[in-house]
Amino acid sequence: MPSLDFSREERGFEAFYEQELPALQYACASYIALLQSILSRTPHLDITKVEGRIKDRQECIAKFSRKYRAALEESNTPYEIRHYITDLIGVRVVCLYEDELEKAAQAVRSHFDVIDVTDKVSAVESTEGSFGYKGLHLDLRLNAVQASLPEHAAYAAQPFELQVRTIIQDSWSVLDHKIKYKKSIPGQLKRRINVLSALFELADREFRQIRDATEAELRQAPDETEAADTDAAAAEPAGERAGPATGGSELNAFTFLKIANHFFKDCDFDPHKVDLFVADIRSWAPGITRARFNTFLRATLGTVKRYKQYFEETNPQTSFNPYTVIRHCLYLGDRTTFRRALRNSSREAFEAWLKDHP
């Protein structure tokens, strides 16, 4: 029965909380699993984690007192605290990039009804005197279709708060909570906090722009595999020393992928491995151009593929991956420059086969 007696309603909420805690914990775990399933099926969305918690009971009471109590008592409106706490369950989704926040929110809207939305990024950006960088908050409950499913029956009526943040926003939020005094402080200190918040926001923007620039580089990288080499050094016969590049563009991860994807169409090249492998190639042959790299592969790939077939037939427990093939191609193209591309045992086995298969 609602009343205006805060102490009575506080005790009533504590009893309600204790009774509902096991069901809340089950609902929280279920929402986490459901959101993981929804977001994993959403294309072009990088989720780093989905986690949740049950809001502490004293935290709930403090929130009610801060946001609702004064107005309700001023208007002489009886209340029960539990009716004003829609975020007993809190779930956090952490994305990599800021333009994924709304994409993640749209994905979950197909399964949930939105009770309320708080866009804290926009709120901060529109207020010069504040700081903080919190992301997008949604109060949700299962929509009618999802609530009618038997597997959701146990928690279908339970709302929860979803926070969608980037990994940078999440880091800022954790650090922000450690700053004990933020409002009634000297202007000099507030300015330092504002500068720090701006740096976090800038980092978020830069990561997104680096991602976009990387994708643009991959699209724009010239395709050396369809045209004759323009690098003068490309005319050198296989086996000659690569030497420093005198023309053309230096090989990088983007041009490597253009060439490698042409020769190995069925391989999904992992970006991290590509980055490390290209760094190795450039350390073996400083200044190597994309044209020269392409020429080495075209000149030697047929021989190396024959050796690959022989090797896999005689060593059925092992196989050549594309990186191993490329290592052998480079070595065959220039034994001196790319000697380090193969281990001693691999080099000796390859040379022995080449001797028998001139």
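**Salt bridges across the chain**

A salt bridge here is a side-chain nitrogen of Lys or Arg within 4 Å of a carboxyl oxygen of Asp or Glu. Helices (H or I, at least four residues) and strands (E, at least two) are DSSP runs, numbered from the N terminus.

A quick word on the model: it is predicted, so local features need pLDDT of at least 70 and side-chain atom pairs count only at pLDDT 80 or more, while totals for chains, interfaces and linings use all residues. Residues are numbered from 1 along each chain as its sequence is written, and side-chain values use heavy atoms, leaving out hydrogens and water.

How many salt bridges are there by this rule? The count is 20.

Now look at R92. Its side chain meets that of E51 in a salt bridge, 3.4 Å from N to O. E51 lies in strand 1 (residues 47-54) and R92 in strand 2 (residues 89-95), 41 residues apart. R92 also bridges to D170, again at 3.4 Å, N to O. D170 belongs to helix 6 (residues 167-176), 78 residues from R92.

Are these residues buried or exposed? Buried means under 20% relative accessible area, exposed over 50%, and partly exposed in between (1.4 Å probe, protein chains only). D170 is buried at 7%, while R92 is partly exposed at 22% and E51 is partly exposed at 32%.

Finally, K49, E51, R92, R165 and D170 are linked in a network of salt bridges.
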